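Here is a short report for a first look at this structure. Please keep the sequence and the 3D view open while you read.

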Amino acid sequence: MLLLLIQIIVIVLMGTLMTYGPEARPVPRNRSVSAYSPTNSWLADDKKDDDPPPLYPMYQDVHVMIWIGFGFLMTFLRRYGQSALGLTFLVGAILVQVAMLCEGVFNIGKNGKAHLSLKSLLSADVAVAAPLISMGALLGKTTYMQLIVMGIIELVVYTANKYIGEHHFVVVDAGDSMYVHAFGAYFGLAVSFVFGMKEKPKEHSLEGSSYESDIFAMIGTIFLWLFWPSFNSAALKGDEQRRAIINTLLSIAASCVISFAVSAFVSKQSKFNMVHVQNSTLAGGVAIGTAAGMMCEPFGALAIGSAAGAISVLGYKYLTPLIQKRLRIHDTCGVHNLHGMPAVLAGLFGALLAGLANEADYNYSLYEIFPGRIPGLGPNLTEINENYRLSLKPGPNRSAGQQAAYQLLALAVTLGVAIVSGLITGLILRMSICGTITEDQKFDDSVNWEFEDENAVHDISSASKDGNDRTAEQLSMGHI
């Protein structure tokens, strides 16, 4: 009933607040534009060899990351695979609608409605990543309604925090490492902390993987690894987008290699640990996110990716058990190591590069990448517009050092907002209306999914072995 009610409310709000954007409305036939069009031009003949990648394929890459990447990555628990995939499917489908509404509230036009476009869909997919990251910290310990309620609350706070960062602090976070990864990780950890206050986390018999479940989880890892350059670059344009693709690939490749190396180094027999391979190999994609479009040079991308991979593996090995023991924070998927610490590293790296940015390195794109550096109204702005043939509006006129300080401020505010709102949300989720999971029900698919009676399955299998062909023919596809 709650699921039905939530969807009905979303339908009503969508009808009240949202409408198609101009590019999705009917236009004269000779001015139509395809979703695959690589430019903003109305004419397909304007396409050039150096045009940026079209938006829709990159949006589809992010789409695959959210539902396949996140879903399969969380199938490592041996008795929670159906819930990992199914609940990611359900929660993502609900929250992508909520994310459109949350963003629309901040962009309502003169007609009283916000416009939906392909860019809106991309922003909604990116936003959904935050609650799915938080879900990783709580995997196997909540009801599906707790996850949905948590996601709705989180998206409201996430949207407000991102709006403040982009429009008031005017900071750069190209791959949303601060807004999505840091926020999602520490929000989820705060919720987990509240759950730990009620009952001290302890070892559970089903909290582990199997040979098959680890292989399924690697599907998610590979998909995320392949498509991460699109996640960090899809919303960018021009040379900034090209740098983001290059930097992300270099960073995530370096984190992969270093994760394998450090994993073998910290193990007793110099063997690889599948937990590290499934997660830490992706840390470079998070760590380069904030500075993905900046001039960090290939060396910088490789260095930050290497550092992220090493930090992530060491976090799984030493830090995760410590915070569970000392702080009572149970982190099922280790989101602190894959998303939290690498995202903080991304924010610091972005602040460093913002402090080093100058017009000699960036040319006119300095003011496109860092809107906070645009001069105020005066001769400096006029000179820049004339020299680079731009039409920039007056900006905050910050120095490189001031921009770096604002980058750090945005990171600190994001962490503070995530932790405080996560603690409050944790208290809300402990209310009876969202349901609860007992200790015996944790990490078990049978809580959410229908299964055939195991004894019946055994009887059918035995009958088949005894030569009862008729019974064997009636074996369901699930049993096969």
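Where pLDDT is low, predicted coordinates should not be read in detail.

## Confidence overall

The protein has a mean pLDDT of 88. A pLDDT of 70 or more is reached by 89% of its residues.

## The start of the chain

An unreviewed UniProt entry lists residues 1–24 as "signal peptide". In the model, residues 1–24 are 67% helix and 12% strand.

## Helices H3 and H5

Two packed helices are described by the angle between their axes and the distance between the axes. Helix H3 spans residues 81–105, and helix H5 spans residues 144–167. Their axes come within 10 Å and cross at roughly 30°. H3 is therefore roughly parallel to H5. The crossing of H3 past H5 is right-handed.

Which residues meet between H3 and H5? From H3 come Leu 87, Leu 90, Val 91, Ile 94, Leu 95, Val 98, Ala 99, Cys 102 and Glu 103. They meet Tyr 144, Leu 147, Ile 148, Gly 151, Ile 152, Leu 155, Val 156 and Thr 159 of H5. The residues of this H3–H5 contact divide into 14 nonpolar, two polar and one charged.

Definitions and conventions
Residues are numbered from 1 along each chain as its sequence is written. This is a predicted model: local features need pLDDT of at least 70, side-chain atom pairs count only at pLDDT 80 or more; totals for chains, interfaces and linings use all residues. Side-chain values use heavy atoms; hydrogens and water are left out. UniProt positions are given in the numbering used here, feature names are shortened, and annotations may be inferred rather than shown by experiment. Helices (H or I, at least four residues) and strands (E, at least two) are DSSP runs, numbered from the N terminus. pLDDT is the predictor's confidence in each residue, from 0 to 100. Axes are lines fitted to C-alpha atoms, for helices over the stretch in contact, and angles run from 0 to 180 degrees between N-to-C directions. Angles under 35 degrees count as roughly parallel, over 145 as roughly antiparallel, 65 to 115 as roughly perpendicular and the rest as oblique. A crossing is left-handed if the near helix is turned anticlockwise from the far one by less than a right angle, and right-handed if clockwise. Contact means heavy atoms within 4.5 Å. Ala, Val, Leu, Ile, Met, Phe, Trp, Tyr, Cys and Pro count as nonpolar, Asp, Glu, Lys and Arg as charged, and the others, Gly among them, as polar.
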